[in-house]
Amino acid sequence: MPAVSISKQDSLSATFAALSDPTRRAMLKRLSQGEATVNDLAAPFKMSLPAISKHIKVLEKAGLLTKTVQKQQRPCKLNGTKLKQAIDWIDQYKLLWEGRLDRLDEVAKSLQTSETAIAAAAVSSKEEIAADTVKSDLATNLIATQAINTTPTAQKDQINSPKIESPQTKTKAAAKSKRKKMKTKELNPKLDLTFERFIDVPPHLVWRAWTEPDLIKQWFCPLPWKTIHADVDVRPGGKMHTVMQSPEGQEFPGTGCYLETIKDERIVWTNALLPGYRPAPPNVPCNDEEQTEFMFTAIVEMAPHKVNGVDGTRYRATVLHADQKGCQKHDAMGFEAGWSAALDQLVAMVKKGI
């Protein structure tokens with residue numbers, strides 16, 4: 001789902017921020033073997049002592065290590081209490097994610113079966129279209145020949161002359177072709193993430209779920225998180241604003257700008273712009289090295305589709321990132337699992353009736 005920013009740095013946030021750096025994780029691994037001086041911790045790394053001290057201060061501020069006094073030295077000691085708090089926080093979601101992985105496996109098997117059926121239907125459809133095209137061409141040629149043979153000479157010349165398209169027709173055709181190419185442009189695997197599924201609800205109800213605030217709040221982020229506020233102006237340049245709430249009650253606001261809205265077909269928005277296409281301010285760092293969110297553009301496409309005789313929607317979500325680090329961070333956050341869980345909630349909501 002859309003990225004969220006940390007409004008304040010609590011104890012747990014400081015712990016995870018400290019653990020996000022490989023140098024600091026290596027220091028903690030060394031301290032798990034026993035106390036160590038600053039020089040001991042610096043030995044494996046090719047960096048200055050001031051830089052090492054900076055990493056130690058981050059770990060100390062997060063409560064992951066403490067310094068003791070022994071004669072003329074102040075060796076560092078691992079503090080396991082903060083690590084246990086982080087582990088306890090992760091454990092409460094263990095069953096949730098294990099259940100989602102089981103469901104994901106079931107969906108994957110279902111998709112594999114559906115894709116086989118779709119491929120077979122596509123081959124059959126292509127053969128039928130090819131046969132119909134041949135028949136149509138033969139009929140057209142026959143009619144044209146009969147028309148020419150029964151037409152005066154002056155009109156025959158007109159029939160046989162090449163068709164000249166108007167500039168307006170050519171312009172419209174070029175614009176349509178350009179639009180199709182823009183939609184089918186290949187993704188950059190280093191910068192982009194995509195997610196696609198067939199769902200057995202129609203596109204116009206998917207559109208409503210994405211564009212009506214009261215509906216957005218019911219499905220937009222996966223449980224146990226909640227969307228407690230939604231304010232949208234669904235038009236190019238319009239506002240998309242949501243507030244998510246963690247199970248602990250912490251709120252995460254997010255504001256973006258719609259770039260393209262095609263009813264029952266396509267929604268595009270970005271957090272790199274504020275409403276009215278005004279550039280968003282730079283990300284605010286939560287420490288010297290990390291940023292609280294990443295810039296992205298999201299594209300949600302919905303199209304009528306039928307699988308095994310069931311009418312529904314071919315649903316595709318694509319997220320374009322500004323840089324590789326942002327893409328990797330979004331992927332590590334559980335992009336596909338999160339979008340899949342939220343989509344399950346959307347489908348369940350629609351089937352209950354909206």
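**Close-up 1. The start of helix 5 in the predicted model.** A side-chain oxygen of Asn79 lies within 3.2 Å of the backbone nitrogen of Thr81 at the start of helix 5. Helix 5 covers residues 80–91, twelve residues in total. From its first C-alpha to its last, helix 5 reaches 16 Å, close to the 16 Å expected at 1.5 Å a residue.

**Close-up 2. The crossing of helix 2 and helix 4.** The axes of helix 2 (residues 22–31) and helix 4 (residues 49–61) come within 10 Å of one another, and they cross at roughly 75°. Helix 2 is therefore roughly perpendicular to helix 4. Helix 2 contributes Thr23, Arg24, Met27 and Leu28 to the contact, while helix 4 contributes Ile52, His55, Ile56, Val58 and Leu59. Sorted by class, the residues of this contact are six nonpolar, two polar and one charged.

**Close-up 3. The pairing of strand 5 with strand 6.** Strand 5 (residues 239–245) and strand 6 (residues 251–262) are joined in the antiparallel sense over seven bridges. Thr242 has Gly254 of strand 6 as its bridge partner. The hairpin of these strands has five residues between them, and within this hairpin Gly249 takes a positive phi near 95°.

**Close-up 4. The pairing of strand 6 with strand 7.** Strand 6 and strand 7 (residues 266–270) run antiparallel and are joined by five bridges. The bridge partner of Glu260 is Val268, which belongs to strand 7. Three residues stand between the strands in this hairpin, where Asp264 adopts a positive phi near 65°.

Terms used
Residues numbered from 1 in each chain as written. Predicted model: local features only at pLDDT ≥ 70, side-chain atom pairs only at ≥ 80, totals over all residues. Heavy atoms only, no water. Helix = DSSP H or I, 4+ residues; strand = E, 2+ residues; numbered from the N terminus. Expected span 1.5 Å × (residues − 1). Polar contact = N/O pair within 3.5 Å; in protein donor to acceptor, adjacent residues only side chain to side chain. Axes fitted to C-alpha atoms, helices over the stretch in contact; angles between N-to-C directions. Parallel < 35°, antiparallel > 145°, perpendicular 65-115°, else oblique. Contact = heavy atoms within 4.5 Å. Nonpolar A, V, L, I, M, F, W, Y, C, P; charged D, E, K, R; others polar. Pairing = 2+ DSSP bridges.
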